[in-house]
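Visitor: I am new to this structure, and I would like to learn how to read it one feature at a time. Could you take me through it slowly?

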Amino acid sequence: MGKADFLSPKAIANRIKSKGLQKLRWYCQMCQKQCRDENGFKCHCMSESHQRQLLLASEDPNKFMDYFSDEFKNEFLELLRRRFGNLSYKTNINVVEEVKSCVESFCKVDETPKGWYVQYIDRDPETIRLQEEQARRKKADLDDEERSAKFINEQVRRGRDGKEIEETPVFTELKRESEEEKIAFNLGASACVAGPSKPSSALGASALKAAAAAAASSSTKRKDAGSDSRSEKKKKSALEEIMEMEARKKKKLDAVRTDYWMQPNIVIKVVTKRLGEKYHKKKGVVMEVRDKYAAVVKMIDSGDKLKLDQNHVETVIPAPGKRVLILNGPYRDVEAVLEGIDEKNFSATLTLETVSISWAVLKSAKNCAVCGVN
């Protein structure tokens, strides 16, 4: 039977089978050739190349044994390092015998009641350096904790040594020396007084005088405090009053401001680059406002109509002397004449018929205040 063609189904199937894993019993270690079945392995053993390889191995068998042992050791250690790292795993007795004879200095082999366990010992200089650095850092953290604990204990000890010992009160029994002696309680005093009735009346009068003096002093203090507060109020300068007035105005302005400012017939400029260079930094006129935050804009140069969000455009400030529309604040939707622009403070001066005001003009589209009218 002739050999199948290269592109025949049988040849393709044979090549697919040769790429997959085969049985180890049909593998020739000397020639490093894998056979697919028993017949192929038998034919390979009878081949001239196999016999020639056996003759070479018989001349120096130790060389070939050492080569195969080194190959097994390298591949086993690489597999152990990549798959398990520093973890130990359970293995069978045959692998343990090979490990003991070849890679015992690179692995840790333990026999437990559950079986044999092998653990890879990483002797890479970089890994050892990282482990030493980690151990040194951990030791430094422990030293810091010990120092802080020692400092806290020292502070506690000093606090205990310097604390004054509180005297415990001594309680005695109340006894009468004579039956005629009366016990009098003075509500204005802080202690009980035992003695005849005359001294008690004297003590009561003195207590009343002391209470009256204390009340007079407290009223005097309240009057002094009131006069001090009134003097502090009077001490406010004109500058402070102006600052308070400006703060109240600013609070009032913030209360009437909104986060939307789109209005029809105003001139805007496209600031987003999502529409391309054709519309970037180009001016347009708002034709229609939709949902407060979006608008249909007609471009001045090309005449195209676009639907844009207010975050993608900014207001256009005309030259002084032109009419503008106030878009936010207490004068919203009111037209005015632009008198001047202060670029450093981002503000402008507007005239509303007979009233001249200074209005903030921010470049941000979210905080714009005025805009040119088409």
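Guide: What follows is a conversation about a predicted model, moving from a helix to the salt bridges and then to the strands.

Visitor: Which residues does the UniProt annotation "coiled-coil region" cover, and what share of that span is helix?

Guide: According to the UniProt record, an unreviewed entry, the "coiled-coil region" covers residues 128-155. In the model this span is 100% helix and 0% strand, and its end C-alpha atoms lie 41 Å apart.

Visitor: Which residues make a nonpolar surface patch of about 290 Å²?

Guide: That patch is made by Phe151, Ile152 and Val156. Phe151 belongs to helix α6, which covers residues 125-162, and with a relative accessible area of 52% Phe151 is exposed, because the cut-off for that word is over 50%.

Visitor: How should I read a salt bridge, and how many does the structure hold?

Guide: The general idea is that side chains of opposite charge can pair when their charged atoms come close. The structure holds 11 salt bridges, and one of them is in helix α6, where Glu154 and Arg158 have their closest N and O atoms 3.5 Å apart. Glu154 is partly exposed, at 28% relative accessible area, whereas Arg158 is exposed, at 52%.

Visitor: What separates Glu48 and Arg52 in helix α3?

Guide: Being 4 residues apart in helix α3, which covers residues 48-59, Glu48 and Arg52 are separated by about one helical turn. They form a salt bridge in which the closest N and O atoms are 3.7 Å apart. Glu48 is exposed, with a relative accessible area of 63%, while Arg52 is partly exposed, at 46%.

Visitor: Which residues are linked in a network of salt bridges?

Guide: Glu126, Arg129, Glu133 and Arg137 are linked in such a network. A salt bridge also joins the side chains of Arg290 and Glu288, at 3.6 Å from N to O; Arg290 counts as partly exposed at 34% relative accessibility, and Glu288 counts as partly exposed at 38%.

Visitor: Turning to the strands, what should I keep in mind, and how do β4 and β5 pair?

Guide: In a regular strand the side chains alternate between the two faces of the sheet. Strand β4 (residues 107-112) pairs with β5 in the antiparallel sense over 6 bridges, and the two form a hairpin with 2 residues between them. Within this pairing, Val109 stands opposite Val118 in β5. Strand β5, residues 115-120, also pairs with strand β3, residues 88-91, in the antiparallel sense over 4 bridges, and there the bridge partner of Lys90 is Tyr117.

Visitor: Is strand β15 largely enclosed or open, and why?

Guide: Strand β15 (residues 347-352) is largely enclosed by the rest of the structure, because 5 of its 6 residues are buried. Antiparallel to β15 runs strand β14 (residues 335-342), joined to β15 by 5 bridges, and Leu338 stands opposite Leu350 in β15. The two strands form a hairpin with 4 residues between them, and Phe346 in the turn has a positive phi of about 50°.

Visitor: In what order do the 5 strands of the open sheet come?

Guide: The order is β11-β10-β9-β8-β12, with antiparallel pairing. The edge strands, each pairing on one side only, are β11 (305-309) and β12 (313-315), and the twist averages 45° from one strand to the next. Strand β8 (residues 267-270) is joined to β12 by 3 bridges, with Lys269 standing opposite Glu314 in β12.

Definitions and conventions:
Residues numbered from 1 in each chain as written. Predicted model: local features only at pLDDT ≥ 70, side-chain atom pairs only at ≥ 80, totals over all residues. Heavy atoms only, no water. Patch = residues over 30% accessible without salt bridge, like charges linked within 9 Å, V, L, I, M, F, W, Y side chains within 5 Å. Areas by Shrake-Rupley, 256 points an atom, 1.4 Å probe, with all protein chains shown as cover. Salt bridge = Lys/Arg side-chain N within 4 Å of Asp/Glu carboxyl O. Buried < 20%, exposed > 50% of the residue type's maximum accessible area, 1.4 Å probe, protein only. UniProt positions renumbered as here; feature names shortened; annotations may be inferred. Pairing = 2+ DSSP bridges. Axes fitted to C-alpha atoms, helices over the stretch in contact; angles between N-to-C directions.
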